[in-house]
Amino acid sequence: MKKLVVLISGNGSNLQSILDACASGRIHGSVAAVFSNRAAAYGLTRAQEAGIPAHSLAASDFTDREAFDRQLIAEIEAYSPDLIVLAGYMRILSSAFVAHFHDRLLNIHPSLLPKYPGLHTHRQALENGDSEHGTSVHFVTDELDGGPVILQAKVPVFPGDSEAEITERVQHQEHAIYPMVIGWFVEGRLAMRDGKAWLDGEPLPPQGYAND
């Protein structure tokens, strides 16, 4: 059975969707450990309640990002994971970290990439008067939120929407598509080659798998 290590920084709602998918068999794998850069992250509690090792590392304990990531790599490797899953992990990864886990590092980002990399994506969608918004699952590269897209889900933006309403709508889609993509990887259907995401032996287009 394939082993996942999940990195979080906060509430861990995507982590919960992954744990539920593993428990139900939708992901034919298991979460071996959860790591956070914030000791107070509720996602660590979710992991503990599921009987999964939960670890936190504080950036203040390290001289720089590279030293932090070297320790994180060492602690992750103790679990011999097949896949590293970023689920609301809010630290920018060093080049060494990305290179070490190259081709087995997934992230979910709350926008329709390449639109709105970085933070405050829902606010930007509102301020720009967008009629649709969404979320993207992608492989991680050195470019911030710039790795090849695997799957996107769109949501409507209605007049009068608040940031909280859009957040809830987007997260509902995240909880559906992230376990699906992780399942593809675990089953050997998904890979990154030549800077592109490949599914079932075919390269995916820039916006990822077209499921409609």
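Biologist: Is Gln173 buried, partly exposed or exposed, and how large is its relative accessible area?

Modeller: Buried means under 20% relative accessible area, exposed means over 50%, and partly exposed lies in between, with a 1.4 Å probe and protein chains only. Gln173 has a relative accessible area of 25%, so Gln173 is partly exposed. This is a predicted model, in which local features need pLDDT of at least 70 and side-chain atom pairs count only at pLDDT 80 or more, while totals for chains, interfaces and linings use all residues. Residues are numbered from 1 along each chain as its sequence is written, and side-chain values use heavy atoms, with hydrogens and water left out.

Biologist: In which helix does Gln173 lie, and which residues is Gln173 in contact with, leaving aside its neighbours within four places in sequence?

Modeller: Helices are DSSP runs of H or I with at least four residues, strands are runs of E with at least two, and both are numbered from the N terminus. Gln173 belongs to helix α6, residues 163-186. Contact means heavy atoms within 4.5 Å. Leaving aside neighbours within four places in sequence, Gln173 is in contact with Thr135, Ala153 and Val155. The C-alpha atoms of Gln173 and His122 are separated by 14 Å, and these residues are 51 apart along the chain.

Biologist: What is the strand order in the open sheet of 3 strands?

Modeller: Two strands pair if DSSP finds at least two bridges between them. The order is β8-β9-β10, with antiparallel pairing. β8 and β10 (202-203) are the edge strands, each pairing on one side only. Between β8 and β9 (residues 196-199) there are 4 bridges, and 2 bridges join β9 to β10. Ala191 stands opposite Trp198 in β9, and Leu199 has Glu202 in β10 as its bridge partner.

Biologist: Which residues form the covered face of β8?

Modeller: In β8 (residues 190-193), Leu190 and Met192 form the covered face, whereas Ala191 and Arg193 form the uncovered one.

Biologist: Which peptide bond is cis?

Modeller: The bond from Leu113 to Pro114, with omega near 10°. Pro114 lies in the loop between β5 (105-109) and α5 (121-127).

Biologist: How many helices and strands does the protein have, and what is its radius of gyration?

Modeller: There are 6 helices and 10 strands. The radius of gyration is taken over C-alpha atoms, and the globule rule is 2.2 Å times the number of residues to the power 0.38. For 212 residues a compact globule would have a value near 17 Å, and the protein has 17 Å, which agrees. Along the principal axes the C-alpha trace spans about 45 × 40 × 35 Å. Buried residues make up 48% of the 212 residues.

Biologist: What share of the contacts with a separation of 6 or more is between residues 24 or more positions apart?

Modeller: Such pairs account for 63% of those contacts in the protein.
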